[in-house]
Amino acid sequence: TDMASTIERLPAAGEIPAAVARYLDALELPPAIAAQKSHRGVCWPEFAGLDWRGAGLDIEVRPTAGDDRLGITGCLCAIAETGTLVITSSKDTPTATTLLPDTHVAVLREGDIVAGMEEAFDRVRAAHGGMPRAINMISGPSRTGDIEQTIVLGAHGPYRVHILLVP
């Protein structure tokens, strides 16, 4: 939360679609960016079996096309020390799903929280048999302070990052 992410703890993974819908419905956005509250988006294949339609969401299992407003991903692990999500690439988990939509919802399993960076890299190596093509370490929404030292969110990626913590 120090890095402007939000988090919700869920009792079960089956609650993910309802939690995403609740999060989107609660967003208070000015009219100029109201389209970012879209209930249409993309998700990783691991979430294909969830009842997205039952929660009022139109979610497709595919990489983002660049104009999607919502991306739902898993993550390999998260680093407690820094509040950082670790997402790695593979043929089944395209990193563009994470990096382009205005709203990134990351699903994190409680058992995948590690203490520090060293443990995170140990998990990356174990999961991929070495280093993968890409590792994305996400500590909140994209931001820049390049213009007049004013922090601007969503400069190079998501305007918001919401983490769903599941058992």
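**Close-up views of a predicted model**

By the criterion of cysteine sulfur atoms paired within 2.5 Å, the number of disulfides comes to zero. The structure is a predicted model, in which local features need pLDDT of at least 70, side-chain atom pairs count only at pLDDT 80 or more, and totals for chains, interfaces and linings use all residues. Residues are numbered from 1 along each chain as its sequence is written, and side-chain values use heavy atoms, with hydrogens and water left out.

View A. Cys 77 takes part in no disulfide, and the nearest cysteine sulfur, that of Cys 75, lies 7.3 Å away. Cys 77 counts as buried because its relative accessibility is 0%; buried means under 20% relative accessible area, exposed over 50%, and partly exposed in between (1.4 Å probe, protein chains only). Cys 43, at 1% relative accessibility, is likewise classed as buried.

**View B. The segment after β12.** Pro 167 is found in the segment that follows β12 (160-166); strands are DSSP runs (E, at least two residues) and helices are DSSP runs (H or I, at least four), numbered from the N terminus. Pro 167 counts as exposed because its relative accessibility is 58%.

**View C. Contacts of Pro 167.** Apart from neighbours within four places in sequence, Pro 167 is in contact with Leu 10, Pro 11, Ala 12, Arg 109 and Glu 110, where contact means heavy atoms within 4.5 Å. The C-alpha atoms of Pro 167 and Pro 11 are 6.8 Å apart, although 156 residues separate the two along the chain.
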